[in-house]
Amino acid sequence: MFLQKLISRLRTAQHVAVLTGAGISAESGVPTFRGTDGLWKKFRPEELTNFDAFIKNPDLVWEWYKYRKQIISNIKPNPGHYALAEMEKHHEHFAIITQNVDNLHRRAGSKNVYELHGNIERNYCIDCRKEFSDVEILSSEKAPRCKCSGLIRPGVVWFGEMLPEDQWNASVAAAEQAEVFFSLGTSAVVYPAASLPMVAKHAGAYIVEINLERTDLSSTADEVLLGKSGEILPRLVETYYK
Ligand code: OAD
């Protein structure tokens with residue numbers, strides 16, 4: 001099912017970069033960003049996940065994140081995450097650039113992970129920036145507050161906020177250097193993350209997309225593999241890495 005070109009590229013590639021989105025975690029049971037369960041049904045994500053919404057109604061936004069945190073703490077990485085962790089061992093430079101905040105790549109053993117949209121397991125005070133673990137605050141019914149009285153927010157990137165600069169710069173560099181670039185389980189519509197496959201393409205990378213369906217990226221990808229990442233990636237590892 002894999003093209004000969006991908007095989008030969010992977011065999012010699014020293015630099016491989018992977019962009020992941022909500023689809024890679026779908027098989028773990030994480031609702032995709034545009035899912036239809038729970039609070040997603042009642043609120044447009046853009047209306048809930050921004051700083052103004054948090055200041056206006058911190059308890060509601062906290063309720064939403066508490067719900068997400070609880071789901072994520074109860075799920076496990078799936079074979080797609082583990083396959084990527086295995087691939088990392090076979091290339092000198094292997095970068096995962098994720099739009100997901102669920103921490104599942106690290107939990108699967110991946111080391112070099114750039115988190116473009118933050119990490120839901122982290123939290124910090126909006127005033128003094130002190131960091132808090134979930135254990136310290138998750139029992140709070142209302143939006144938790146720091147000793148300095150500042151509200152504590154999740155360490156994720158909200159609409160209208162800048163991406164963490166160090167993570168973004170490292171991601172662009174990884175895309176520019178990649179000989180093979182994978183776009184996995186992402187609708188590839190949310191910028192600036194969605195520009196990374198094009199950055200890689202212009203720099204000469206072989207672009208591989210894995211998704212349940214075709215996306216805006218498909219026509220420019222060199223290879224489109226339609227199906228579940230949790231099935232295709234383990235097959236790739238079985239075929240070429242073992
Ligand atoms: P989306 O929910 O937009 O897209 C998920 C993609 O995964 C879709 O294209 C699905 O077809 C595909 N998919 C679903 N299950 C899959 C599976 N098992 N295997 C392979 N593909 C599968 O999620 P993202 O592209 O990650 O931003 O969305 C990007 C950003 O949009 C999110 O990070 C979030 C949101 O705005 C922020 O929170 C800042």
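Me: Which residue stands opposite Thr98 in S3?
Reply: Glu115 in S3 stands opposite Thr98. Strands (E, at least two residues) and helices (H or I, at least four) are DSSP runs, numbered from the N terminus. This is a predicted model, in which local features need pLDDT of at least 70, side-chain atom pairs count only at pLDDT 80 or more, and totals for chains, interfaces and linings use all residues. Residues are numbered from 1 along each chain as its sequence is written, and side-chain values use heavy atoms, with hydrogens and water left out.

Me: How many bridges join S2 to S3?
Reply: Two strands pair if DSSP finds at least two bridges between them. Here S2 and S3 run parallel and are joined by 3 bridges. On to S1: this strand runs parallel to S2, with 6 bridges joining them, and His15 has His93 in S2 as its bridge partner. S1 also pairs with S7 in the parallel sense, over 5 bridges, and Thr20 stands opposite Leu184 in S7.

Me: In what order do the strands of the open sheet come?
Reply: The order is S3-S2-S1-S7-S8-S9, 6 strands with parallel pairing. Strand S3 (113-115) and strand S9 (223-226) stand at the edges with a single partner strand each, so one side of each is left without a neighbour in the sheet. From one strand to the next, the twist averages 15°; angles run from 0 to 180 degrees between N-to-C directions, with axes fitted as lines to C-alpha atoms, for helices over the stretch in contact.

Me: Which strands does H1 lie across?
Reply: Contact means heavy atoms within 4.5 Å. H1 lies across S1, S7, S8 and S9, and runs at about 120° to S7. H7 packs on the sheet too, touching S1, S2 and S7, and its direction makes about 150° with that of S2.

Me: Why is S2 largely enclosed by the rest of the structure?
Reply: Buried means under 20% relative accessible area, exposed over 50%, partly exposed in between (1.4 Å probe, protein chains only). S2 is largely enclosed because 5 of its 6 residues are buried.

Me: Which residues touch the most other members of the largest nonpolar core?
Reply: In soluble globular proteins, nonpolar side chains tend to be buried together. A nonpolar core is a set of buried Ala, Val, Leu, Ile, Met, Phe, Trp, Tyr and Cys residues joined through side-chain atoms within 4.5 Å. In the largest one, of 26 residues, they are Leu84, Met87, Phe182, Leu233 and Leu236. H12 gives the most to this core, with 5 residues.
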